Amino acid sequence: MLESIILFIVGVFIGHISPRLPILMVTRAKGFNFHFPHHPEPISLSPHLTQRVMHLRVFYWLGIVFALIPLAAGYMSLVWGSASLGFGMWLSSGWSVINKLQTFVGGNPPPWTYDMAIRLQVVMNKSKQDPCCDFPEPEWQLTAVRCASCNITLDEMPRPDLGRKRSDGIIMGSIRILASDGHPIVSEQSND
Ligand SMILES: [Zn+2]
């Protein structure tokens, strides 16, 4: 009985982590981040940042392909191996896929969207054409896009995880990303 429970938990763990591997691993290496300051400092708006949002969006959807691995392995385990391991893998990887697909039926948007990249581009264009101050320096802070010179809020868009190496270390950082799925952990308190 205890063995089945442990195998089930191991299965849930594998099924939960696999679809998130691209987001957890791909962009965290040093070479991917020399355009950006260290986490958790604000990131200046630039084409590099817009591109990073688009990459993370791709890796997010790539998670569906990565979910097929525990789905297939879970199926084989159900048929030929341990039923509880297979069931655990099926349950959590299947849930991840459903969770991603619910976006299309009016659920929460993913942490990284095309719309988000557009909004960053709009702020960048606007700071050139219609600057907020003499030295506009739009940057993405934890809770919103603000100007580093005059501190005006340019877009009330909280910052999701941006794939940088986390300041809280690989283990704690990964646990936070697994728990939040990359969504911003803080949200802006309205000032009025
Ligand atoms: Zn300004």
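A crossing of two helices is left-handed if the near helix is turned anticlockwise from the far one by less than a right angle. In this predicted model, helix 3 passes helix 4 in such a left-handed crossing. Two packed helices are described by the angle between their axes and the distance between the axes. For helix 3 (residues 47-80) and helix 4 (residues 83-101), the axes come within 8 Å and cross at roughly 155°. Angles over 145 degrees count as roughly antiparallel, so helix 3 is roughly antiparallel to helix 4. Helix 3 contributes Gly63, Ile64, Ala67, Pro70, Leu71, Ala73, Gly74, Tyr75, Ser77 and Leu78 to the contact. Residues on the helix 4 side include Phe87, Met89, Trp90, Val97 and Lys100. By class, the contact holds 13 nonpolar residues, seven polar and one charged.

Most residues other than glycine have a negative phi, and most peptide bonds are trans. Pro40 sits in the loop between helix 2 (21-25) and strand 1 (43-44).

The loop between strand 3 (145-147) and strand 4 (153-155) holds Asn151. Asn151 counts as exposed because 10 C-beta neighbours lie inside 10 Å. Asp181 falls in the segment after helix 6 (169-180). With 18 other C-beta atoms within 10 Å, Asp181 is partly exposed.

Conventions. Residues numbered from 1 in each chain as written. Predicted model: local features only at pLDDT ≥ 70, side-chain atom pairs only at ≥ 80, totals over all residues. Axes fitted to C-alpha atoms, helices over the stretch in contact; angles between N-to-C directions. Helix = DSSP H or I, 4+ residues; strand = E, 2+ residues; numbered from the N terminus. Parallel < 35°, antiparallel > 145°, perpendicular 65-115°, else oblique. Contact = placed C-beta atoms within 7 Å. Nonpolar A, V, L, I, M, F, W, Y, C, P; charged D, E, K, R; others polar. Buried ≥ 20, exposed ≤ 12 C-beta atoms within 10 Å, placed from the backbone.
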